Amino acid sequence: SKRRKESMQFFNTPVPGIGGACSYTVARTNKRYLIGSRSNQGSSLTDIVAAPLENDIIEPAHFQILASVKVQAATSFTAGKKMLWFTDAGSSVFGLPMDPKTGLPMPGPLHVYSNDVNNVNTIANRPINLFEDPAGNLWVATKGGGICKIVMSIPYGKKGSVIRYKHDNNNPDSPGNDIVW
């Protein structure tokens, strides 16, 4: 019989029992894991954290910090083939490596794809949603910049590394709006 591949399900939810200003996006895998963002008290950083879920109980002491990033909050988590992707709803997309054995994110080098107003080969500002296609390209929905496709086979920022799809009144095949959820 064919073995079912593990998958992640994502929920936006407050996490009870954790004090302070916390904003979490929860990723539940078949292994019962939580992944989210938590404001780092006393700094401008947000911690990307992970913890096992035991009987649906979240123990703050079990949180492992995967990365600390300078964002207000991490949003729109999505699991790709090799990376856990998320946005900051500002100007960047971030990626953390996934453990090939467990399929869970792990601490490691943080991949950052940011908007550069002087380079059309970067994503548009205000990324709000993400999707990785079967070829490993990352599709980024933005609030005002249309849809951006990051072509992972081309170094980021170089010609062709990002393809932008924006609304065009003269093209019925273009997105209906530049605000894409």
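Author: Two strands pair if DSSP finds at least two bridges between them. Strands themselves are DSSP runs of E with at least two residues, helices are runs of H or I with at least four, and both are numbered from the N terminus. Please keep in mind that this is a predicted model, where local features need pLDDT of at least 70 and side-chain atom pairs count only at pLDDT 80 or more, while totals for chains, interfaces and linings use all residues. Residues are numbered from 1 along each chain as its sequence is written, and side-chain values use heavy atoms, leaving out hydrogens and water.

Reader: What makes β12 and β13 a pair?

Author: Four bridges join β12 to β13 (residues 147-150), in the antiparallel sense. The definition asks for at least two bridges, so the four between β12 and β13 qualify them as a pair. Another is Leu 138, with Ile 150 of β13 opposite.

Reader: How do you know that β11 and β12 pair?

Author: By the bridge count again: β11 and β12 (residues 138-142) share five bridges and run antiparallel. Here Pro 127 faces Thr 142 of β12, and Phe 131 faces Trp 139 of β12.

Reader: What makes β11, β12, β13 and β14 an open sheet, and in which order do the strands come?

Author: The four strands lie in the order β11-β12-β13-β14 with antiparallel pairing. At the edges are β11 (127-132) and β14, each of which pairs on one side only. On average, neighbouring strands in this sheet are turned by 20 degrees against each other, direction ignored; the axes behind that angle are lines fitted to C-alpha atoms (for helices over the stretch in contact), and angles run from 0 to 180 degrees between N-to-C directions. The link between β13 and β14 is made of four bridges, antiparallel as well, and Ile 150 has Val 162 in β14 as its bridge partner.

Reader: What holds strands of a sheet together in general?

Author: Strands pair through backbone hydrogen bonds, parallel or antiparallel.

Reader: Which residues take a positive phi in the hairpins?

Author: Between β12 and β13 there are four residues, and in that hairpin Gly 144 has a positive phi near 115 degrees. The hairpin of β11 and β12 has five residues between the strands, and there Gly 136 has a positive phi near 90 degrees.

Reader: What is the order of the sheet that contains β7?

Author: That open sheet of four strands runs β7-β8-β9-β10, paired antiparallel. Its edge strands, β7 (75-79) and β10 (111-114), each pair on one side only. Inside it, β8 (residues 83-87) and β9 (residues 92-97) run antiparallel and are joined by five bridges, with Leu 84 partnered by Leu 96 in β9.

Reader: How many helices and strands does the protein chain have?

Author: The chain has zero helices and 14 strands.

Reader: Why is β12 called largely enclosed?

Author: Four of the five residues of β12 are buried, so the rest of the structure largely encloses this strand. Buried means under 20% relative accessible area, exposed means over 50%, and partly exposed lies in between (1.4 Å probe, protein chains only).

Reader: Why is Asp 178 called buried?

Author: Its relative accessible area is 19%, and the cut-off is under 20%, so Asp 178 counts as buried. Asp 178 sits in the segment after β14 (162-165). Leaving aside neighbours within four places in sequence, Asp 178 has contacts (heavy atoms within 4.5 Å) with residues including Thr 142, Gly 144, Lys 166 and His 167.

Reader: What makes Asp 178 and Lys 166 a salt bridge?

Author: The definition asks for a side-chain nitrogen of Lys or Arg within 4 Å of a carboxyl oxygen of Asp or Glu. From N to O, the side chains of Asp 178 and Lys 166 are 4.0 Å apart, so the pair meets that limit. Both residues belong to the segment after β14, twelve residues apart. Lys 166 is partly exposed because its relative accessible area is 42%. A search of the whole structure finds one salt bridge.
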